[in-house]
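Trainee: I should like to learn how to read a protein model one feature at a time. May we work through an example together?

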Amino acid sequence: MKDRAGRFLRPADLIAVAAILLLAGALWLITGNRQGETAQIVCDKEVLYTIRLSDVKEPYEIRLNNGITVAVEPGAIFFASSDCANRLCVRTGKLTRAGQSAACLPHKTLIRVTGRDKAAPDALTG
Ligand SMILES: [Zn+2]
């Protein structure tokens with residue numbers, strides 16, 4: 001058995017490899033599939049933050065000075081909290097794909113997700 005264990009991958013290795021492949025597959029589905037999705041936080045028509053979601057390694061939060069907290073996660077962005085009345089923005093949930101957006105109308109704040117390709121002309125045209 002020892003001899004065999006030396007020549008072949010041990011079950012623990014196989015599990016590790018499988019886990020890595022699964023993780024890579026999941027990451028590909030979430031981010032790699034549409035490489036470099038970029039989120040923009042727009043407040044009163046001004047782009048405050050531009051975040052490449054695929055570059056996010058650790059979740060963090062951005063506190064805007066209008067009572068809104070935006071949460072950023074690897075591959076996702078969303079309104080974490082807001083002091084607006086209806087909190088529709090928070091209820092919109094996570095944005096993960098290009099084309100998705102969430103808005104907080106009372107605070108004139110918008111989060112939108114664009115693909116990398118679309119982000120470039122966007123920046124040019126303003
Ligand atoms: Zn809101």
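Mentor: We shall go from confidence to strands, sheets, core and loops.

Trainee: What should I know before reading the model?

Mentor: This is a predicted model, in which local features need pLDDT of at least 70 and side-chain atom pairs count only at pLDDT 80 or more, while totals for chains, interfaces and linings use all residues. Residues are numbered from 1 along each chain as its sequence is written.

Trainee: What is the mean pLDDT of the chain?

Mentor: The term pLDDT stands for the predictor's confidence in each residue, from 0 to 100. Here the chain has a mean pLDDT of 85, and 80% of its residues reach 70 or more.

Trainee: Over which residues does pLDDT stay under 50?

Mentor: Where pLDDT is low, the predicted coordinates should not be read in detail. In this chain, pLDDT stays under 50 over residues 118-126, for which the model has 4 contacts beyond four places in sequence. Two residues are in contact if their C-beta atoms, placed from the backbone, lie within 7 Å.

Trainee: How many helices and strands does the chain have?

Mentor: Helices (H or I, at least four residues) and strands (E, at least two) are DSSP runs, numbered from the N terminus. The chain has 4 helices and 7 strands, and along the sequence they follow the pattern α-α-β-β-β-β-β-α-β-β-α.

Trainee: In what order do the strands stand in the open sheet of 4 strands?

Mentor: Begin with pairing: two strands pair if DSSP finds at least two bridges between them. In this sheet the order is S2-S1-S7-S6, with antiparallel pairing. Strand S2 (46-52) and strand S6 (101-104) are the edge strands, each pairing on one side only. From one strand to the next, the twist averages 15 degrees; such angles run from 0 to 180 degrees between N-to-C directions, and the axes are lines fitted to C-alpha atoms, for helices over the stretch in contact.

Trainee: Which residues stand opposite Thr 38 in the two partner strands?

Mentor: Strand S1 (residues 38-43) and S2 pair in the antiparallel sense over 6 bridges, and there Thr 38 stands opposite Arg 52. Antiparallel pairing also joins S1 to S7, over 6 bridges, where the bridge partner of Thr 38 is Thr 114. Further, 4 bridges join S6 to S7, and Ser 101 has Arg 112 in S7 as its bridge partner.

Trainee: Which strands stand at the edges of the sheet of 3 strands?

Mentor: That open sheet has the order S3-S4-S5, with antiparallel pairing. Strand S3 (60-63) and strand S5 (76-81) each have a single partner strand, so one side of each is left without a neighbour in the sheet. The twist here averages 30 degrees from one strand to the next.

Trainee: Is Tyr 60 buried or exposed?

Mentor: A residue is buried if 20 or more other C-beta atoms lie within 10 Å of its own, exposed if 12 or fewer, and partly exposed in between, with C-beta atoms placed from the backbone. Tyr 60, found in strand S3, is exposed because it has 11 other C-beta atoms within 10 Å. S3 is joined by 4 bridges to strand S4 (residues 69-73), and the two run antiparallel; in S4, Val 72 is the bridge partner of Tyr 60. Over the whole chain of 126 residues, buried residues make up 19%.

Trainee: Which residues of the largest nonpolar core touch the most other members?

Mentor: In soluble globular proteins, nonpolar side chains tend to be buried together. A nonpolar core is a set of buried Ala, Val, Leu, Ile, Met, Phe, Trp, Tyr and Cys residues joined through C-beta atoms within 7 Å. The largest one here has 16 residues, of which Val 70, Ile 77, Phe 79, Leu 95 and Ile 111 touch the most other members. Two or more residues come from each of S1, S4, S5, S6 and strand S7 (109-114), and S5 gives the most, with 4 residues. Leaving aside neighbours within four places in sequence, Leu 95 is in contact with residues including Ala 39, Ile 77 and Ile 111.

Trainee: Where are Asp 44 and Lys 108 placed?

Mentor: Asp 44 lies in the loop between S1 and S2, and has a positive phi of about 55 degrees although it is not a glycine. With 10 C-beta neighbours inside 10 Å, Asp 44 counts as exposed. Lys 108 lies in the loop between S6 and S7; this residue is not a glycine, yet has a positive phi of about 50 degrees. Lys 108 is partly exposed, with 13 other C-beta atoms within 10 Å.
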